[in-house]
Amino acid sequence: MRLIHVAAEVAPIAKVGGLGDVVYGLSRKTLHRGHPTDVFIPKYDILEYDDIDNLTCLQKDFVSTYDNSQWTNSIWRGKVAGLDIYFLEPHHPSHFFNRGCIYGCNDDIERFLYFSAAALQFIYNRGTYDVVHIHDWQTAIMAPLAVEKRLQKNARVPPFVFTIHNMDYQGRCAPSALSKVGLNIQDYYVPAKMQDSLYPEALNLLRGGIIFSDYITTVSPTYCTEVRGTLGEGLEKLLVSNQAKFCGILNGIDYDYWNPETDKFLHSHYSVREAPKVGTNADTIDRKGSIKKSLRDRLELEQGHRPIVSTITRLVPQKGVDIIKHAIKSVVQKGGQFVLLGSSPIPELDAEFHRLKNEYRDHGHVSLNLQHQEQLAHMIFAGSDIFIVPSNFEPCGLTQMIALRYGTIPLVRATGGLKDSIYDVDNEAANDEKGIGYIFNDPTVEAFDRTLERAITCWYRQPDKWRKMIIKGMNHDFSWDKSAEKYLEVYNKL
Ligand code: ADP
């Protein structure tokens, strides 16, 4: 099978959050399973160019249609960790992808409509793909465009799989967006198709992806149930009526990229496997200690016998920002050190966290880092003891899985993929295999505090239990192996 992903992100060269990790990890896994897999993304000016090999311009006169006009584009190709990535560089006067960002422009809708229309043209011209996998609202319009294209005589367009990574972002926009990509407003801006059910004056791009794709997935089984009910954000009925072609597949993480044995961002490496030297039967987990020490030096935290409790996240309401703010004080009161790495696209939240950063500027047990920083993220995953993910809702969540891979124990709220991936070590039914973290139900600071208390007490008083949990967590398989198999089943079915 020949596959192509079309998306706004791919890690590590164009990443804002989990979408980038998923496109990267899943593509590499299907490629390694023998299915040539390409990725198509915009050629942003802020790509991590150092991570792209053999970047070459293949074509300078690739023509696409947008807003009733024809435009030329350059198509580039480069390799990232063995993957062929194709890049679209529009020659359009709006310079859609030379804005110093991936998202956050006033014309984001236009930018990604233009990209989607060109991506479909690229796929059609190549004619070699068996399945097209599109992601989130940015590329959802490709599904109705593909259906229209199929209706044209002799147009062979492969089947489409559409993955929804987060129901919070639906691509609501003016109905005139349809005519920009050549779709008839009267045909599509109707309640049964792409008219938004909560804001009827708006068009909803996600609806187009849901209705017109051949198969839809979301990123965990629990979220797949939640979005057909309380977390549907207005799309619950549509998803119920499309449930015959809808399923939840838990994301994995890329075990080559997230690997404490080889991580290029760490000065010391460790694993749960036995050290190779004959006569030693010990693992090398204790080397986490030296990374913890460097992390403290780097963040100007006091050294000493205390657990580091961390979180790495986009600072948006979904992520439980009230609990995160509360955690700063609570962790210190309970004898820990708190580390945050996060950035916020919301000006009020950004200002609030900058105020907090100022408040804790010289605190020996708190470090608030308000930027996006890949290298620091790796050091925090490896150098911490406890990793909190107190989300209000979480479609899948990758950081709890990455933390476990680095021997850092997750403390998460029971929602979406967090519920599907973490089992509480103190749950009465937990046998030796299952308990790899802490989980709380109610999205309240009280429920969070009780769970944090259990975790920090265990860290101080039961080091053996803690160590066993680290080993179980590091041995747990959150790789793409199982999940990629499920996606391949979907592709095969189509
Ligand atoms: P979401 O996709 O909702 O942002 P996920 O947990 O699925 O959340 O994925 C988040 C990804 O983004 C993880 O790989 C995490 O390490 C990374 N990340 C989030 N914030 C930052 C940051 N400030 N610096 C570096 N990496 C970050």
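The structure is a predicted model, in which local features need pLDDT of at least 70 and side-chain atom pairs count only at pLDDT 80 or more, while totals for chains, interfaces and linings use all residues. Residues are numbered from 1 along each chain as its sequence is written, and side-chain values use heavy atoms, with hydrogens and water left out. Helices (H or I, at least four residues) and strands (E, at least two) are DSSP runs numbered from the N terminus.

**Ligand site**

- The ligand is surrounded by 20 residues, the closest being Lys15, Gly18, Asp21, Arg314 and Lys319, where a residue counts if one of its heavy atoms lies within 4 Å of the molecule.
- Polar atoms here means N or O, and a polar contact is a pair of them within 3.5 Å; within protein, one must be able to donate a hydrogen and the other to accept it, and residues adjacent in sequence count only if both atoms are side-chain atoms.
- A polar side-chain atom of Arg314 lies 2.7 Å from an oxygen atom of the ligand, an N or O atom in the side chain of Lys319 is 2.8 Å from a ligand oxygen, and a polar backbone atom of Leu398 is 2.9 Å from an oxygen atom of the ligand.
- Taken alone the ligand exposes 560 Å², of which the protein buries 93%; accessible areas come from the Shrake-Rupley method with a 1.4 Å probe, and for residues only the protein chains shown count as cover.
- Elements giving two or more residues to the shell around the ligand are α1, β12, β13, α13 and α14, and β12 gives the most, with three residues.

**Strand β1 and its partners**

- Strand β1 (residues 3-6) is covered on both faces, with Leu3 and His5 buried on one side and Ile4 and Val6 buried on the other; buried means under 20% relative accessible area, exposed over 50%, and partly exposed in between (1.4 Å probe, protein chains only).
- β1 pairs in the parallel sense with strand β6 (residues 131-135) over four bridges, and Val6 stands opposite Ile134 in β6; two strands pair if DSSP finds at least two bridges between them.
- Strand β2 (residues 37-42) also runs parallel to β1, joined to it by four bridges, and Asp38 in β2 is the bridge partner of Ile4.

- Helix α13 (residues 374-383) is largely enclosed by the rest of the structure, because eight of its ten residues are buried, among them Met379, Ile380 and Phe381.
- The cover over these buried residues includes α10 (288-299), β12 (308-314), β13 (337-343) and α14 (399-405), with contact meaning heavy atoms within 4.5 Å.
- Ser384, in the loop between α13 and β15, counts as buried at 0% relative accessibility, and a polar atom of its side chain lies 2.6 Å from the backbone oxygen of Ile380.
- Leaving aside neighbours within four places in sequence, Ser384 is in contact with Lys288, Leu295, Ile308, Ser310 and Thr408.

- Ser27 is found in helix α1 and counts as buried at 0% relative accessibility; beyond neighbours within four places in sequence, the contacts of Ser27 include His5, Thr37 and Val39.
- Tyr24, also placed in helix α1, counts as buried at 6% relative accessibility, and its contacts, again leaving aside neighbours within four places in sequence, include Val10, Pro12, Asp254 and Tyr257.
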